[in-house]
Amino acid sequence: MKAVVIEKPNSMSVKRIEDPTPGAGEAVIKVEACGICGTDIHVLRGEFAPTRYPIVPGHEFCGEVVAVASDVRNVKVGDFAAVDPSLFCGKCRQCRAGRFNLCENWNAIGVGSANGASAEFVSVPAANAFRLPSDMPRHWGALVEPLSCAVHGLDQVDLKVADNYLIYGAGTMGLLLAQLAKDSGASQLDMVERNPKRHALAKKLAADRVAVSADELERPRGWDVVIDATGVVPAIEDGLRRVARGGTFLMFGVANADATATFSPFKVYNDEIKIVGSMAVLHSFERALTLLAKGVIDSEAMITNRFKLDEYSSAIDTFLAGSGLKVQVAP
């Protein structure tokens, strides 16, 4: 089959490799669409510690089940499915506590040591495959994985109906979070996005107000929930100053491992501000699938660029340019 192979950091090519076959408990997926996200860039650059090279990248994907092992019962050949890429040991302290996303031996399809879906076919644990409606546009299914990350993020916030939100970043993840918050009953949803070209879509999808700086959004008492979806330190520092008394700050964006941010410990103490993080997916994949199928997310608006496997380098360049939202590749 044809696949994107990262032989080592910063060394990538599209080449022919052996077709996968299903081992015990596995299914083989014929890939319909595979999204690109920031983690793929870290894998490409050698900045993600769990990665073992060579590897086929791609962890946001969907496709048709074309083969299953004899012991598989939850999916069958012909099913259209999205796949949770998370792989965990099930034995460590975190797994025993049900915190599988914090597994001490955490791995993931297309990210750790298992080949991913920037290929014609990919072998996956069948238990990680979830059936999608057969009438759903085939490329929409690759949005389930990023949406499941957003669902887990809002789980961390302890949603309350009629809370008001401020979200930094109107990229793919910021807009997914915004649409989920709006659907969950946010009374006011504001966004900070430095790229004015993204403002119109943010307003169309979820935002009541969008500005290039929170200073332009008058709310002297702050917001109940402030979410950083950028991973950019100045945005994080600014957002921490905007949380209302008794409010919550969600650190959702992925900052560099060595980044540091400055905040007021007194404000956190005196205003009883809760600061929480959100890592990947936890008990949220199937719920995300349900929300996507229900139409809570404007899937067509979220997917702005599609490339063939042979154009993977162009897809990466488009992603890095930030000119669209979700960039996908497909065989």
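How many nonpolar, polar and charged residues are in the lining of the second largest pocket? The lining has eight nonpolar, five polar and two charged residues. Here Ala, Val, Leu, Ile, Met, Phe, Trp, Tyr, Cys and Pro count as nonpolar, Asp, Glu, Lys and Arg as charged, and the others, Gly among them, as polar.

1. Basis of the note. This is a predicted model, in which local features need pLDDT of at least 70 and side-chain atom pairs count only at pLDDT 80 or more, while totals for chains, interfaces and linings use all residues. Residues are numbered from 1 along each chain as its sequence is written, and side-chain values use heavy atoms, with hydrogens and water left out.

2. The second largest pocket. Its volume is about 280 Å³. A pocket is found on a 1 Å grid over the protein atoms alone, as an open set of points where a 1.4 Å probe fits, with protein on both sides within 12 Å along at least five of seven lines; lining residues have an atom within 4 Å of a point. Grid points are joined across faces, edges and corners, and the volume is the space filled by probe spheres set on the points. The lining is made of 15 residues, and D84, S86, F88, F130 and H283 are the closest to the pocket centre. Strand 6 (86-87) and helix 8 (285-294) each supply at least two lining residues. Helices (H or I, at least four residues) and strands (E, at least two) are DSSP runs, numbered from the N terminus.

3. H283. This residue is in the loop between strand 15 and helix 8. H283 is exposed, because its relative accessible area is 55%. The cut-offs are under 20% for buried, over 50% for exposed and in between for partly exposed (1.4 Å probe, protein chains only). The phi of H283 is near 50°, a positive value in a residue other than glycine.

4. D158 sits in the loop between helix 3 and strand 10, and is partly exposed because its relative accessible area is 41%. A cis peptide bond, with omega about -5°, joins Y53 and P54. P54 lies in the loop between helix 1 (38-45) and strand 4 (60-68). Most residues other than glycine have a negative phi, and most peptide bonds are trans.

5. F285. This residue belongs to helix 8 and counts as buried, because its relative accessibility is 3%. Contact means heavy atoms within 4.5 Å. Leaving aside neighbours within four places in sequence, F285 is in contact with A82, V83, D84, P85, F130, V144, E145 and S148. F285 and A82 are 203 residues apart in sequence, yet 9.2 Å apart in space, C-alpha to C-alpha.

6. M302. Helix 9 (residues 299-302) contains M302, which is buried, with a relative accessible area of 0%. Its contacts, apart from neighbours within four places in sequence, include L143, T172, L175 and K326. M302 and T172 are 130 residues apart in sequence, with 6.8 Å from C-alpha to C-alpha.

7. Q328. Strand 17 (residues 326-330) holds Q328. Is Q328 buried or exposed? Q328 counts as buried, because its relative accessibility is 1%. Among the residues that Q328 touches are A33, H139, I303 and F307, not counting residues up to four places away in sequence.

8. Nonpolar cores. A nonpolar core is a set of buried Ala, Val, Leu, Ile, Met, Phe, Trp, Tyr and Cys residues joined through side-chain atoms within 4.5 Å. The largest has 50 residues, and M191 and I227 have the most contacts inside it. Helix 3 (residues 144-157) gives the most to this core, with seven residues. Apart from it lies another core of 38 residues, including V43, L87, C103 and V329.

9. Helix 6. The buried residues of helix 6 (residues 233-241) are A235, I236, D238, G239 and L240. Among the elements that cover them are strand 10 (164-168), strand 13 (223-228) and helix 7 (265-270).

10. Cysteines. The whole structure has zero disulfides, a disulfide being a pair of cysteine sulfur atoms within 2.5 Å. C89 is in no disulfide, and the nearest cysteine sulfur, in C103, is 3.6 Å away. C89 counts as partly exposed, at 28% relative accessibility. The sulfur of C92 is 3.7 Å from the closest cysteine sulfur, in C95, which is too far for a bond. C92 is buried, with a relative accessible area of 7%.
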